[in-house]
Amino acid sequence: MARVALLFDFDGTLSPINVPREKAGLSEDMVKALEALSEKYVLGIVSSKDCHFLKKKLPRVVQNLACANGLEITAAGYLVVDELAVEKKQLTEAVLEEARGLGVEVEVKKSLLGFPLGLSIDWGYGREKPVEVSSFLSRVEKLGFYVLEYPGYWFADVYPSRRSKGDAIRVLKALLGLDKVVYFGDSVSDIPAFAEANVAVLVEHEYNRNFTFPRVNYRVGFKDLPRWLLRELDNLA
């Protein structure tokens, strides 16, 4: 029997994108849907969030995590960490300290091993990107960091290594012995994952409706996702 995984982005896919970090989480309907699906499918998360955060926010049936845009992966009893992220941890700490002086919200993407894997900068919904943030992102890019910006959004991620969610899916396939992947995402950072998956499902909400996504097999509204999963999944997986 084929081993099929359902892999999800977190922000904007399982959790609302426009809420503070502490209020992020899954609806009761989504938790129930995942619990039902766990009896037949392998479940996992591929997210820009760190593993510490995801472990607190997810139901127990979701055990396989690819965190910080694929820089850290925990699955099948293994913990895999990007080599360059380990080598550059002191430089990442210095970049993090500089970011904290910008006067904007800074989210640390902390490894399960205790060091920073990157950071997210949030200058506020509806605001233009501050000049000092643009300057900071340009400087760290010249230092060899990977800056991931999201058209139409009010935040950016900074990573010490240029991994993608597509890389994360390839590692999860190997660790979990997967035959097929159905991937659910909502942003430009999910495009490499869509390309790597067998089935790509775009989760739509008010912030991404005008963005063109290549190679998407299905589209579903954020609020409709729990019901859609239970009704349609067996027809496509």
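Trainee: Does Tyr-153 count as buried or exposed, and at what relative accessibility?

Mentor: This is a predicted model, and the label follows from a cut-off, because buried means under 20% relative accessible area. Tyr-153 has 11% relative accessibility, so the residue counts as buried. Phe-155, at 17%, counts as buried too.

Trainee: How is a pair of aromatic rings described?

Mentor: Two values are used, the distance of the ring centres and the angle of the planes. In this structure the rings of Tyr-153 and Phe-155 have centres 5.5 Å apart and planes at 45°, so that pair is tilted. For Phe-211 and Phe-213 the centres are 4.9 Å apart and the planes stand at 70°, which makes the pair edge-to-face. Of these two residues, Phe-211 is partly exposed with a relative accessible area of 28%, whereas Phe-213 is buried at 7%.

Trainee: How many aromatic pairs does the whole structure hold, and which residues do ring pairs link into a cluster?

Mentor: A search of the whole structure gives 17 aromatic pairs, and ring pairs join Tyr-125, Tyr-150, Tyr-153, Trp-154, Phe-155 and Tyr-207 into a cluster. A ring may also have a charge over its face: the charged end of Lys-88 sits over the ring of Phe-145, 4.4 Å from its centre, and Lys-49 lies over the face of Phe-53, at 5.0 Å from the ring centre.

Trainee: Which element gives the largest share of the lining of the second largest pocket?

Mentor: Helix 1 does, with four residues, in a pocket of about 200 Å³. Helix 1 (28-37) and helix 8 (225-236) each supply at least two lining residues there.

Trainee: Why do residues three or four places apart in an α-helix point the same way?

Mentor: The reason is that an α-helix has 3.6 residues a turn. Here the buried residues of helix 1 are Met-30, Ala-33, Leu-34 and Leu-37. These residues cover an arc of only 95° around the axis, which puts them on the same side of helix 1.

Definitions and conventions. Residues are numbered from 1 along each chain as its sequence is written. This is a predicted model: local features need pLDDT of at least 70, side-chain atom pairs count only at pLDDT 80 or more; totals for chains, interfaces and linings use all residues. Side-chain values use heavy atoms; hydrogens and water are left out. On a 1 Å grid over the protein atoms alone, a cavity is a set of points where a 1.4 Å probe fits but cannot get out, and a pocket is an open set with protein on both sides within 12 Å along at least five of seven lines; lining residues have an atom within 4 Å of a point. Grid points are joined across faces, edges and corners, and a volume is the space filled by probe spheres set on the points. Buried means under 20% relative accessible area, exposed over 50%, partly exposed in between (1.4 Å probe, protein chains only). The arc is that of the directions from the helix axis to the C-beta atoms. Rings of Phe, Tyr and Trp (its six-membered ring) pair if their centres lie within 6.5 Å; planes under 30 degrees apart count as stacked, over 60 as edge-to-face and the rest as tilted. A charge sits over a ring if NZ of Lys or CZ of Arg is within 6 Å of the ring centre and within 35 degrees of the ring normal.
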